[in-house]
Amino acid sequence: RDPNAVAVLGETEGEPESLTYRELNERANRLAHFLRRLGVGPEVPVALCLDRSPALVVALLATLKAGGAYVPVDPAYPAERQRFLLEDSGAPVLVTERRFAGETPAGVQLLCLDEEAETLAGQSAENPGRTATPESLAYVIYTSGSTGRPKGVLVHHANVVRLFTATRHWFGFGAQDVWTLFHSYAFDFSVWEIWGALLHGGRLVVVPWLTSRAPSAFHELLRRERVTVLNQTPSAFRQLIAA
């Protein structure tokens, strides 16, 4: 509806970066076409190990456009947990950057976005044909494992849509809203933050990790970007109140 509206704001290697809806869509399309060449389609998990940046949002959207289901592998996780998530999920593709690419299990194809930039730029920017259905997997987010081995929770597209259709009458979200991606994309709260912004045509501000750990800096970001939708766990909100 408004391809020139800003969709995502964030930082890439410490420098500000923003993407309009047109730019987000085209970059996601290029990556989606490449993922399909690697065999990604419905019910195929795609592991994502990326820093907080607009590129992360591109990769999430591209995975869904390719028909696959994203599996967040936070680069801050210990190497042992990262290996477990890759092995347990059975993801045949890992999308990452060279600095985060450690040892990968046998059979996992490594796609480093920083090394494949030229190849990706040559892919089609057109929307790929849809292959996923409402019943297809959208993502697999793992539990903390504090009570044993981490468990992958399988969530379908219909579940994500239902989350917002069931709450629409409470909040009236729209294109005027500015949301923050404050939480790790490996934490299910991020689903509300990311898709709450993008499904309603709003703006998503990707909060740098260091800013998320400094309440005064986060407070300044909220004021600067005129954030209208704030999502916080109680512990983080108490620190923000103090700031």
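**Close-up views of a predicted model**

**View 1. Helix 1 and helix 2 cross in a right-handed way.** This is a predicted model, and we start with a pair of its helices. Two packed helices are described by the angle between their axes and the distance between the axes. Here, helix 1 (residues 21–37) and helix 2 (residues 54–65) pack at an angle of about 55°, with axes 8 Å apart. That angle makes helix 1 oblique to helix 2. On the helix 1 side, the residues in contact include Leu24, Ala28, Leu31 and Leu35; on the helix 2 side, look for Val58, Leu61 and Ala62, among others. Sorted by class, this contact has 11 nonpolar, three polar and three charged residues.

**View 2. The largest nonpolar core has 50 residues.** In soluble globular proteins, nonpolar side chains tend to be buried together. Leu24, Leu35, Val95 and Trp195 touch the most other members of this core. Helix 2 supplies its largest share, eight residues. A second, separate core holds 16 residues, among them Ala69, Val71, Phe84 and Val140.

**View 3. Glu13 has a positive phi although it is not a glycine.** Its phi is about 50°. You can find Glu13 in the loop between strand 1 (6–12) and strand 2 (15–20). With a relative accessible area of 75%, Glu13 is exposed.

**View 4. Glu43, also not a glycine, has a positive phi of about 70°.** Look for Glu43 in the loop between helix 1 and strand 3 (45–49). Its relative accessibility is 43%, so Glu43 counts as partly exposed.

Terms used
Residues numbered from 1 in each chain as written. Predicted model: local features only at pLDDT ≥ 70, side-chain atom pairs only at ≥ 80, totals over all residues. Heavy atoms only, no water. Axes fitted to C-alpha atoms, helices over the stretch in contact; angles between N-to-C directions. Helix = DSSP H or I, 4+ residues; strand = E, 2+ residues; numbered from the N terminus. Parallel < 35°, antiparallel > 145°, perpendicular 65-115°, else oblique. Left-handed = near helix turned anticlockwise from the far one by under 90°. Contact = heavy atoms within 4.5 Å. Nonpolar A, V, L, I, M, F, W, Y, C, P; charged D, E, K, R; others polar. Core = buried A, V, L, I, M, F, W, Y, C linked by side-chain atoms within 4.5 Å. Buried < 20%, exposed > 50% of the residue type's maximum accessible area, 1.4 Å probe, protein only.
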